[in-house]
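Morning, everyone. Please look at the screen, and keep the sequence beside the model while I talk.

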Amino acid sequence: MAYDNASAARAPTLAERLDAELRDAHPIEILKAAVAHYGGSLALVSSFGAESAVLLHMLSQVKPDLPVIFLDTGHLFGQTLDYRRQLAERLGLTGIRDIRPLYQDLATEDPQAKLWQTDTDACCRIRKVLPLDRALVEFDAWVTGRKRFHGGDRLRLRVVEEADGKVKFNPLANWTKTELDAYAAEHDLPAHPLVAQGFPSIGCWPCTQPVEDGEDVRAGRWKGLDKTECGIHVARAPGAVTNMGGDI
Ligand code: SF4
């Protein structure tokens, strides 16, 4: 992926150099590089959703005690909470941190737990974006499970990028659904139970529906709304209170 003219006029950042070095690397090599460069200041963020088992299994092979941040928004499916427990135990992941919204934010902005019915951006902000911001304060870099084949803004996803002063590694950026399925089959990884019910992408229960044949992977997220991401992956503007953007 070419860099713009402004980037070409200065020395590349570490993130840009790593992206150039790793853009065709196997996801496990990308994970190893992330650990090698950022060691104790690296976390992985996982939704324990439909495709999460692949990256989590790779992590179990590289550094099973790496901090894994799991955002429990308070609106997750019960099946996701069960899957998070079972998968962590099966893979031997010992660094999982369950992150929840602040009680004060819920009490003042969403006391009835129905904010998702009237303002999904505000709901995502207090239940996802702000909790993740707080959880990531102590880290210089983090690992996400995003892939280009999910479409939308993710079509231009780099393997290594930088936003809001932190480096983000996206080891699965290049992988296709076929490669993910083959890896899961090879390692006999358990599927999220809702996948068999037609959910190829799984978030909070109020904002996730099954998809029809031929629809995009993320078509069931915020269905019927002009919203495709929750707010996590768009770099914040200078002076903004928080970042706004996408799913983990
Ligand atoms: Fe709220 Fe829906 Fe966002 Fe979950 S996905 S935080 S329920 S708006």
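Start with a term: a residue is buried under 20% relative accessible area, exposed over 50%, and partly exposed in between, using a 1.4 Å probe and protein chains only. This is a predicted model, where local features need pLDDT of at least 70, side-chain atom pairs count only at pLDDT 80 or more, and totals for chains, interfaces and linings use all residues. Residues are numbered from 1 along each chain as its sequence is written, and side-chain values use heavy atoms, leaving out hydrogens and water.

Now, Lys 63. Is Lys 63 buried, exposed or partly exposed? Lys 63 has a relative accessible area of 24%, so Lys 63 is partly exposed. Lys 63 sits in the loop between helix H4 (52-62) and strand S2 (68-71). Helices here are DSSP runs of H or I with at least four residues, strands are runs of E with at least two, and both are numbered from the N terminus. Lys 63 and Leu 93 are 30 residues apart along the chain, yet their C-alpha atoms are separated by 8.6 Å.

Next, H4 itself. Nine of the 11 residues of H4 are buried. Among them are Val 54, Leu 55 and Met 58. The buried residues of H4 pack against H3, strand S1 (42-45), S2, helix H5 (78-91), strand S4 (141-143) and helix H9 (177-186). Contact means heavy atoms within 4.5 Å.

How do H3 and H4 meet? Their axes are 10 Å apart and pack at about 55°. H3 is therefore oblique to H4. The cut-offs: under 35 degrees is roughly parallel, over 145 roughly antiparallel, 65 to 115 roughly perpendicular, and the rest oblique. H3 brings Pro 27, Ile 28, Leu 31, Lys 32 and Val 35 to this contact, and H4 brings Leu 55, Met 58, Leu 59 and Val 62.

On to H2. The axes of H2 (residues 14-22) and H3 (residues 27-38) come within 11 Å and cross at roughly 155°. The two are therefore roughly antiparallel. The contact uses Leu 14, Leu 18 and Leu 22 of H2, with Glu 29, Ile 30, Ala 33, His 37 and Tyr 38 of H3.

Last, the whole protein. How many helices and strands are there? The protein has nine helices and six strands. Of its 248 residues, 51% count as buried. Of the contacts with a separation of 6 or more, 67% come from residues 24 or more positions apart.

Methods: Axes fitted to C-alpha atoms, helices over the stretch in contact; angles between N-to-C directions.
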